[in-house]
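Let's take a walk through this structure together, one selection at a time. Keep your viewer open and follow along.

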Amino acid sequence: MGTISKILGVVLTAGGALILTYGMDPNAGSLSFILFIVGLVVMSVGFSLLTAGRKKKEVKPTLPTVTEIRCNGCDFKEIRDYEKGDYILKPLEANCPKCSGKMTIEGVYVVREEPEKDRF
Ligand SMILES: [Zn+2]
């Protein structure tokens with residue numbers, strides 16, 4: 001999907017630049033102004049497509065997220081990697097390894113790569 005929009009962005013930017021060049025030709029007459037505007041619009045659309053594709057790539061590497069699980073029956077606590085669909089207070093199907101009681105997600109945290117987390 002990203003590749004298609006990128007190719008489209010390159011094509012539109014190049015096409016817009018070409019139209020712009022035609023628009024700047026003094027022999028084109030009254031049409032040159034329209035071509036100039038059209039070229040600018042097409043170019044800006046192409047550019048925005050290119051930058052949008054770039055932005056998406058930057059967002060992709062998500063921060064490591066962990067899920068904190070707590071047993072309802074005892075003081076058992078576990079922290080595991082976040083899984084899709086995890087949310088706070090979600091009842092889990094898995095039972096507590098200590099007392100076989102029901103477990104609930106108590107928190108979902110984003111792990112920040114800071115030296116501060118060493119204090120835990
Ligand atoms: Zn338990």
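Start with the hairpin that β3 and β4 form: six residues sit between the two strands, and Ser100 in the turn has a positive phi of about 60°. Before you click further, note that this is a predicted model, in which local features need pLDDT of at least 70, side-chain atom pairs count only at pLDDT 80 or more, and totals for chains, interfaces and linings use all residues. Residues are numbered from 1 along each chain as its sequence is written.

Now select residues 102–110, strand β4, which runs antiparallel to β3 and is joined to it by two bridges. Strands pair when DSSP finds at least two bridges between them. Pick Asn95 and you will find Lys102 as its bridge partner in β4.

Is β3 buried or in the open? Select residues 91–95: zero of these five residues are buried, so the strand lies largely in the open. (Buried means 20 or more other C-beta atoms within 10 Å of the residue's own, with C-beta atoms placed from the backbone.)

Next, show the whole open sheet, four strands in the order β2-β1-β4-β3 with antiparallel pairing. β2 (77–81) and β3 stand at the edges with a single partner strand each, so one side of each has no neighbour in the sheet.

Move on to β1, residues 65–71, which pairs with β2 in the antiparallel sense over five bridges. Here Ile69 stands opposite Glu78 in β2.

Finally, colour by secondary structure: the elements run α-α-β-β-β-β from the N terminus. Helices (H or I, at least four residues) and strands (E, at least two) are DSSP runs, numbered from the N terminus.

Notes:
A residue is buried if 20 or more other C-beta atoms lie within 10 Å of its own, exposed if 12 or fewer, and partly exposed in between; C-beta atoms are placed from the backbone.
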